[in-house]
Amino acid sequence: MKYIFGPVNSRRLGRSLGIDLFSDKICNLNCIYCEVGTATTSVGQRAFHTPPQAIIEEINAFCADAGRLDAVDVFTVTAQGEPTLHSGLGQIIGHLKLITDKPVAVLTNGTTLMQADVRLELALADIVIPSLDAALVESFLKVDRPGADVNLEEVIEGLTSFSLEYRGKLWLEILFVQGFNDSFRDVEALVSALRPMRLDKIQLNTVVRPPAVPFARPVGWGRLVEIAQYFHEHLAVPVDLPFEPAEEASRMQPPEVLKTKRVLSLDEALEEILQMLKRRPCTAVDIDRTFQLGGPEKVEQLLEPLVNSGALQRQNHGNTSYYQ
Ligand code: SF4
């Protein structure tokens, strides 16, 4: 499948079937921590970058298989880039709501919410997860490297308007990069920007997977806890932290099995693994958690020829090795 990947076992969403609206990276930001790599062009205007009908046909084919559908908790509309830049977003969310009673989540960088048509389309989703990494212009420019038509003040206004109109669950994600947007001034400015918003949850994150540029480093656990405490004290919203360092070790242990009734041939598994790695770098444990190939060692054996041929890269980030 070209547009559908997974289901992957997501910490936030459970068993999440990804629906990627693009076949290449299309974004109006160029974040230094991006897992999809560095954008060569910035696209600011919405357009039908890929045919909605082709995506809908893949969704229909997937949903026609009761066994596969049973292994999904949530449909997650995402993109190699920014999904709200696709003019067919509303059509695709509407179609999902029509043919399934499973929740639909949308991940967005939050930069297009000043547009009324985008807000209307997102209103169809059950969960929207926008990002806002900085409320100071200098930090926003350094971390998110926006295209010329993205204005931080408008981004915050759009997010605020959407938060007050939207009736579903709104989980705001903030990703901190060491030395770029984690100062006290940054955190204070974020609190001021978030205070007028209606949020169900704030999710703090840092650079846990290989970033677009090597100088994007993760913020230490202690600093993340301090930031979470500051948000707790100044905003009446639950704050989620990424997994604790101790959990990092358990992530490397054999994971809880992702229930699925599918039995894939090796070729099918390889094809789906490549689709998943196109969207984000994954560890052998991540891959085994999704495809149940008999353990991370088996995944490593399976992917070794692709690494040797150059079709896949293996890269260390911290103490962890990622395929991409
Ligand atoms: S992280 Fe998301 S918003 Fe940032 S450049 Fe990558 S795809 Fe775009």
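Val77 touches Ile19, Leu21, Pro83, Ile92, Ile93, Val104 and Val106, leaving aside residues up to four places away in sequence; contact here is C-beta atoms, placed from the backbone, lying within 7 Å. This is a predicted model, in which local features need pLDDT of at least 70, side-chain atom pairs count only at pLDDT 80 or more, and totals for chains, interfaces and linings use all residues. Numbering starts from 1 along each chain as its sequence is written.

Val77 is among the residues with the most contacts inside the largest nonpolar core, together with Ile19, Tyr33, Ile93, Val106 and Val177. That core has 62 residues, and its largest share, six residues, comes from strand 6 (residues 169-176). A second, separate core of 11 residues includes Leu277, Val299, Tyr322 and Tyr323. A nonpolar core is a set of buried Ala, Val, Leu, Ile, Met, Phe, Trp, Tyr and Cys residues joined through C-beta atoms within 7 Å, where buried means that 20 or more other C-beta atoms lie within 10 Å of the residue's own. Strands are DSSP runs (E, at least two residues), numbered from the N terminus.

The chain is assigned domain 1 (4-242) and domain 2 (266-323), with bounds from an automatic or database domain assignment. Their centres, taken over C-alpha atoms, are 25 Å apart. In the contact between them, 10 residues of domain 1 meet 11 residues of domain 2. On the domain 1 side, strand 1 (4-10) and strand 2 (14-20) each supply at least two residues, and strand 1 gives the largest share, four residues.

Note on methods:
Contact = placed C-beta atoms within 7 Å. Buried ≥ 20, exposed ≤ 12 C-beta atoms within 10 Å, placed from the backbone.
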